[in-house]
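User: Hi! I'd like to learn how to read pockets and helix packing in a model like this one. Could you walk me through it?

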Amino acid sequence: MEDSAPRRGRVTFGWLVGLSQVLGLVSVVLTGVWMGQYKGGFAWDGSAQQFNVHPLCMVLGLVFLQGDAILVYRVFHNEAKRNIKILHGIIHLLALCISIIGFVAVFNFHKVSKIPDMYSLHSWVGMATIVLFFLQWVIGLLFFLFPVASSWLRASYLPIHVFCGLGLLVMSIGSCLLGITEKLLFSLPTYSQFIPEGVLANVLGVLLVCFGGVVCYMVTKEDYRRPPNPEEESLSVYFKTLTEGQSPSSP
């Protein structure tokens, strides 16, 4: 009876992990279907088909892969911390590279089509997200994977790093929602008539929000946090003084 609550918690956690992956993968697939079936497919020739690379890369990189990179600390909480750091950094690097491809695709399309850049709210939020994402990755690399900072400085930055990671995921999803709405209003005059393409895009937006909600819930729920281990002791000692005697929380 005493073990029933922890067991239920593990079962719930497993279902949430599965749900997050289903939501993320379906979002990527729907983006591919939208761009492939309704927008003419993909190319790299400056045409409208090159633009279609942009939303697919953004959903795959800045949303799905970024969310998974955040979740590795929850899913693999019994693995060596060093290995998790490496996996966390690699997935983020992959997300960054895919996102850069998406940015190059849309800027090149705008150049060929003589469309102005950086005038919409979507472009402002998107650019801010990718720049902050890059800075977050570099700082995390220097502070945690190849630590060049002192233990005190790393402990001070740790909660900021965790907060910024979730904040960037929220910004990424928000930028996607702005982009979906912008694309529908610019290219679909019959959007208000509940046509299949518009409904599909709306469903995509809802799935992205749900994916972000599940990831944020799992990351912020205390029961799912990674338990302390000897490798984290040095951070724990310094972090305790910063939180008025509270035990540090692992990212």
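**Pocket and helix packing**

Analyst: Happy to. In this predicted model, the largest pocket has a volume of about 680 Å³. Its lining comprises 36 residues, and those closest to the pocket centre are Phe-51, His-54, Val-106, His-122 and Glu-182.

User: Which helices supply at least two residues of that lining?

Analyst: Helix 1 (4–38), helix 2 (48–51), helix 3 (53–75), helix 4 (81–113), helix 5 (121–145) and helix 6 (151–187) each do. Helix 6 contributes the most, with 9 residues.

User: And how do the residues of the lining divide by class?

Analyst: There are 21 nonpolar, 12 polar and 3 charged residues in the lining of the largest pocket.

User: Now for packing: how are two packed helices described?

Analyst: One gives the angle between their axes and the distance between the axes. Take helix 3 and helix 4 here: their axes cross at roughly 170° and come within 8 Å. An angle over 145 degrees counts as roughly antiparallel, so helix 3 and helix 4 are roughly antiparallel to each other. The contact of helix 3 with helix 4 has 20 nonpolar, 7 polar and 2 charged residues.

User: Which residues does UniProt list for "transmembrane region"?

Analyst: The unreviewed UniProt entry lists 12–33, 53–74, 86–109, 121–146, 158–180 and 200–220 under that name. In the model, residues 12–33 are 100% helix and 0% strand, with end C-alpha atoms 31 Å apart. For residues 53–74, the end C-alpha atoms lie 31 Å apart, and that span is 100% helix and 0% strand.

Technical notes: Residues are numbered from 1 along each chain as its sequence is written. This is a predicted model: local features need pLDDT of at least 70, side-chain atom pairs count only at pLDDT 80 or more; totals for chains, interfaces and linings use all residues. Side-chain values use heavy atoms; hydrogens and water are left out. UniProt positions are given in the numbering used here, feature names are shortened, and annotations may be inferred rather than shown by experiment. Helices (H or I, at least four residues) and strands (E, at least two) are DSSP runs, numbered from the N terminus. On a 1 Å grid over the protein atoms alone, a cavity is a set of points where a 1.4 Å probe fits but cannot get out, and a pocket is an open set with protein on both sides within 12 Å along at least five of seven lines; lining residues have an atom within 4 Å of a point. Grid points are joined across faces, edges and corners, and a volume is the space filled by probe spheres set on the points. Ala, Val, Leu, Ile, Met, Phe, Trp, Tyr, Cys and Pro count as nonpolar, Asp, Glu, Lys and Arg as charged, and the others, Gly among them, as polar. Axes are lines fitted to C-alpha atoms, for helices over the stretch in contact, and angles run from 0 to 180 degrees between N-to-C directions. Angles under 35 degrees count as roughly parallel, over 145 as roughly antiparallel, 65 to 115 as roughly perpendicular and the rest as oblique.
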